[in-house]
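Hello,

I am handing over the structure below. Please have a look before reading on.

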Amino acid sequence: MDHNGHWWQKSVVYQIYPRSFMDSNGDGIGDLQGIIGKLDYLRNLGVDVIWLSPFYASPNADNGYDISDYQKIMEEFGTMDDFDELLKEAHQRNLKIIIDMVVNHSSDEHEWFKKSKAGIEPYRNYYIWRKGVDGKEPNNWRSNFSGSAWTYSEERQEYYLHLFHKKQPELNWQCAELRNEIYRMMNWWLDKGVDGFRLDVINYIGKNPEFPDGVIGKDGLGDFVPYAVNLPISHDYIKEMNSQVWHNREGILTVGETPFASTDDAVQYSCLDNTELNMVFQFEHMDLDNAEDGSKWSDRRIPLLELKRSFSNWQRKLYGKAWNSLYWCNHDQPRVVSRLGNDTDETWWNKSAKMLATCLHFMQGTPYVYQGEELGMTNYPFSDIRDFRDVESINAYHEYTEILHVDNDKMISYLRNKSRDNARTPMQWDETDEAGFTTGVPWMPVNPNYKRINAAAQIGDEDSVYNYYRKLISLRKEYPIIVNGDFELVGENNADVFAYLRHWKDQILWVVCNFTDRMQKIVSPSSNHAEYRKWDVICDNYSPSGYPFEKGQIELRPYEAVAVLGNS
Ligand code: TEU
Ligand code: CA
């Protein structure tokens, strides 16, 4: 079914976390001029859009996701002239830029919050303030970054809500003046020429005004999700934002980050009628290696059968109604080749990184490539809490070891497995000092494997992960079935191989991915094996390909991924 072919349905987006991408002035921190110097690298990769994580003024309590001025550039990253130059240089290379809009909360150092604390109208209602109850917090909600979601202000003599760091006060979306300030600011950025937004936890903006207590967990605090995430009112706010900001503009991409969203929620957030967003980042597949109690910190592996069921659910439920984003990695997630592939054996590292990319890029949706994913960058070998920089990880370490009495080594292994810092080590450009990221001391240590895994070693190597991503990205432009085809999971009970079919007009695409380091035999999904022998291999991470069938079955080599195209 052809989804009237919006440009963002045929595009591939590349996410840049500016702090860790490229440092141009030797202070050890990535910056906008550093990004400008790497635009040709991105053009060569073949991506269409760049998503910039926050680069606005911020005290960096949460690395820029705590904004103190939405229309000013963070000093460490450069100036507004640098941003304007980046936008111009990107557009000259036919690269669009979408920017990260964090409007569920601001920094506590934003002027709005200072005036709100002081009770100055209309700012006093720009945030969520409540009196305590018997000298205690207004309710039992837990913050995502451990501890209570409420902090008391002596100045205002009230508590304010923060579902993340206490330096990230929740904005009060019930306040029309606040909403209009946000829309004005967003239009200011679109008027500058940016091509859209990634909207941070946009499904948090509607809260239950009663702020009822949540179900209590192992830390004695309550779960806020039922009362502050995916509430119907969030859709009303997003519809208003759509109409006030981008509805009548051309060429704008909007993607909402929506943790805990179901397919039903997503069909509303990203339906194809342009009333809300173009697509959302759902988390179902990213939560499959959570602990039994649903908390993030575990050393579990994602079970393939559950992963297959999850992707199949999202592909089928959104088909023809809404639009999927497709991602393995971002600045909050561990590196996929470590999480789902094999990052220890050099051969299997290369093959499994390519296999995972194949599995994702042949599905329906807009693929997102996170900086370094195209190189097969791996998790970092963390060994001590002092190695970490991320506030979520550091707070969780203290909560788990001091309150939950989890042993240090166990918690370090949980962090090594799941910490967001795995994604935030500097981009590995070449084998020179600090992987060519900086001439100074990097704000975070470079992964010690940078001499083996780096862009310079891969760009000229046709067997590299980088050039495999280039090929996948180009295939999306060459075969309309990838954008428009439906999705059918085959071999759903096979715990080692992820295989699916895409159908479009008279074509069938069969994608088969071996998630193990062992040979796997599978049969074609049709009794007409002879028919399959005539099919074209359009992609294989081995050469020569393991295809065609012999006697109706294919032997997949370790981590082999094959995509074949035929006619039904
Ligand atoms: O993340 C939202 C979010 O829910 C994350 O806390 C995510 O669930 C968690 O990090 C997984 O471990 C967004 C941004 O992507 C994140 O970087 C920010 O810290 C957060 O919002 C607050 O702005
Ligand atoms: Ca710098």
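Here is what was found at the two ligands.

This is a predicted model: local features need pLDDT of at least 70, side-chain atom pairs count only at pLDDT 80 or more, and totals for chains, interfaces and linings use all residues. Residues are numbered from 1 along each chain as its sequence is written, chains are lettered from A and ligands numbered from 1 in the order written, and side-chain values use heavy atoms, without hydrogens and water.

Start with ligand 2, a calcium ion. Its protein donors are Asp23 (OD), Asn25 (OD1), Asp27 (OD), Ile29 (O) and Asp31 (OD), at 2.3 to 2.4 Å. Donors are N, O and S atoms within 2.8 Å of the metal (3.2 Å for Na, K and Ca); water is not among the atoms, so sites may look incomplete. Along the chain they are spaced D-x1-N-x1-D-x1-I-x1-D.

Asn25 counts as exposed because its relative accessibility is 51%. Asp31, at 3%, counts as buried. (Buried is under 20% relative accessible area, exposed over 50%, partly exposed in between, with a 1.4 Å probe and protein chains only.)

Now ligand 1. There are 18 residues around it, and Asp62, Asp200, Lys296, Asp332 and Arg420 come nearest. Here, near means a heavy atom within 4 Å. An oxygen atom of ligand 1 lies 2.4 Å from a side-chain N or O atom of Asp332. For His331 the corresponding distance is 2.9 Å, and for Glu257 3.1 Å.

Best wishes

Methods:
A polar contact is a pair of N or O atoms within 3.5 Å; within protein, one must be able to donate a hydrogen and the other to accept it, and residues adjacent in sequence count only if both atoms are side-chain atoms.
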